[in-house]
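Please look over the sequence and the structure before reading on.

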Amino acid sequence: MSGDKARRRIDVAEAASLILARMPEWGTRQVPIDSAHGEVLRQTIRAERDQPPFDRVTMDGIAIRHAAVAAGVRRFRVIGTQGAGGERVGIASDDSCVAIMTGAALPPGVDTVIPVERISRDADVVTLEAGYQPAAGQFVHRRASDHPQGTALLAPGTLIGAPEMAILTIGGSASVEVSRRPSIAVISTGDELVDVGQPVGANQIRASNDRAISGALAARGFRDCRRVSLPDDRAVLERELRRLLDEHEVLILTGGVSMGEFDYVPQVLLELGMELVFHKVLQRPGLPLWFGVSPDGKPVFALPGNPVSSLVCLVRYALPGLLHAMRLEHGLLPVVGLAEAVRFEPDLGYFLPVTLKYSADGRCLARPKQTNTSGDFAALAGTSGFVELPRGASLFPAGYTARFFSW
Ligand code: AMP
Ligand code: MG
């Protein structure tokens with residue numbers, strides 16, 4: 001291990017960029033579009049046809065020739081009815097019209113739509129409302145007026161949300177190329193940890209980090225996650241971590257990265273041949289964060305065991321790293337205003353849990369929720385995430401705009 005790396009404490013921004021620079025690439029896979037929501041698109045989606053693909057009627061009513069109204073015609077004979085998706089009904093003369101519905105393709109020979117609210121109809125004869133003057137070409141959404149055929153509508157690196165699901169269908173293909181997701185091992189370390197459902201001794205605690213972490217991962221679509229619990233035992237850690245590294249593409253550990261006598265994780269990881277990228281970040285909570293890369297390029301995040309620290313470090317570092325590796329181009333970059341002033345004296349980046357609320361004038365405000373310690377994860381109940389307050393200032397006034405990270 002390079003002694004310099006082990007000793008040098010870096011700040012939040014440097015830690016985040018060192019992680020991004022060391023993330024691998026997991027390739028792509030083809031999925032049915034029904035499975036594409038929440039995935040990162042890896043191909044360009046082009047319009048299969050002009051958008052709209054035909055002159056599309058946008059009102060229920062009648063379709064006429066505008067020149068007829070201009071020449072004084074006020075009554076029209078209905079020669080057919082056309083609904084959306086129906087065959088086009090042509091007109092023969094200036095005083096005939098087609099009863100037409102929203103979504104229908106404008107038939108040949110007509111150019112203007114008069115809404116049903118502006119006409120009265122008696123059997124096959126339609127009369128325009130007195131004095132009503134339609135504009136030429138009204139209520140027709142012209143073919144290709146939005147996007148001609150072949151236009152690039154979605155770029156690689158786009159996160160596929162609800163609008164993108166709709167746009168994918170304009171591409172016309174039932175499957176789509178998206179980023180492949182890694183297989184992740186979420187590993188709790190600690191002799192004191194007991195899972196729910198098991199008897200818990202007086203000196204033991206419930207393991208909670210792995211549940212929080214796998215929940216946060218699942219919420220971002222990482223479902224290939226295995227939860228593992230390991231003791232503070234060097235030999236077991238070495239054996240099991242070696243096996244997990246063979247079987248998974250990302251390791252996320254919690255606990256055992258501080259200065260305690262049983263905090264073996266950094267040592268064991270180095271013995272397994274990891275390259276240490278950094279250990280310790282000037283931040284609260286989560287100072288002992290460790291990040292390294294295996295000889296075959298697999299990222300290993302070793303998060304501090306305190307539950308608030310581990311979740312903050314996951315959300316601030318591991319999740320952006322994973323999404324960067326999946327080539328997400330435009331992550332969410334929300335900023336919020338502080339609802340009240342915050343004082344924080346230490347020369348550390350500060351991650352402060354907050355609850356988001358709308359003010360009376362519609363601004364999104366972040367109300368701080370202090371935890372007693374970084375072990376007090378029960379205080380996170382009802383919080384939305386945390387804000388990042390940078391090093392170098394000790395007073396952040398009400399209204400201060402800060403980066404926000406959602407749990
Ligand atoms: P460590 O980083 O191993 O020194 O752990 C710091 C604190 O976090 C200790 O009080 C641990 O008991 C607690 N802790 C560690 N891992 C977990 C876990 N998986 N779930 C809940 N608490 C944990
Ligand atoms: Mg421990």
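Which atom of Gly-256 lies 2.8 Å from an oxygen atom of ligand 1? A backbone N or O atom of Gly-256 does.

This is a predicted model, in which local features need pLDDT of at least 70, side-chain atom pairs count only at pLDDT 80 or more, and totals for chains, interfaces and linings use all residues. Residues are numbered from 1 along each chain as its sequence is written, chains are lettered from A and ligands numbered from 1 in the order in which they are written, and side-chain values use heavy atoms, with hydrogens and water left out.

**Ligand site**

Ligand 1 is surrounded by 14 residues, and the closest are Glu-192, Ser-208, Asn-209, Gly-256 and Gly-305. A residue is near a molecule if one of its heavy atoms lies within 4 Å of it. The table gives polar contacts, each a pair of N or O atoms within 3.5 Å.

| Ligand 1 atom | Protein atom | Distance |
|---|---|---|
| nitrogen of ligand 1 | polar backbone atom of Ser-208 | 2.9 Å |
| oxygen of ligand 1 | backbone N or O atom of Gly-256 | 2.8 Å |
| oxygen of ligand 1 | polar backbone atom of Asn-306 | 3.3 Å |

**Helix packing**

Two packed helices are described by the angle between their axes and the distance between the axes. Axes are lines fitted to C-alpha atoms, for helices over the stretch in contact, and angles run from 0 to 180 degrees between N-to-C directions. Helices (H or I, at least four residues) and strands (E, at least two) are DSSP runs, numbered from the N terminus.

Helix α5 (residues 209-219) and helix α8 (residues 307-325) have axes that come within 10 Å and cross at roughly 30 degrees. The two helices are therefore roughly parallel to each other, a term for angles under 35 degrees. In this pair, residues including Asn-209 and Ile-213 of α5 meet residues of α8, among them Pro-307 and Leu-311, where contact means heavy atoms within 4.5 Å.

Helix α2 (residues 12-22) also packs with α8, at an angle of about 35 degrees and with the axes 9 Å apart. Among the residues in this contact are Val-12 and Ile-19 of α2, and Arg-316 and Tyr-317 of α8.

**Backbone features**

The peptide bond from Gln-51 to Pro-52 is cis, with omega near -10 degrees, and Pro-52 sits in the loop between β2 (45-46) and β3 (56-57). A cis bond also runs from Arg-284 to Pro-285, with omega near -5 degrees. Pro-285 is in the loop between β19 (283-284) and β20 (290-293).

Technical notes
Parallel < 35°, antiparallel > 145°, perpendicular 65-115°, else oblique. Polar contact = N/O pair within 3.5 Å; in protein donor to acceptor, adjacent residues only side chain to side chain.
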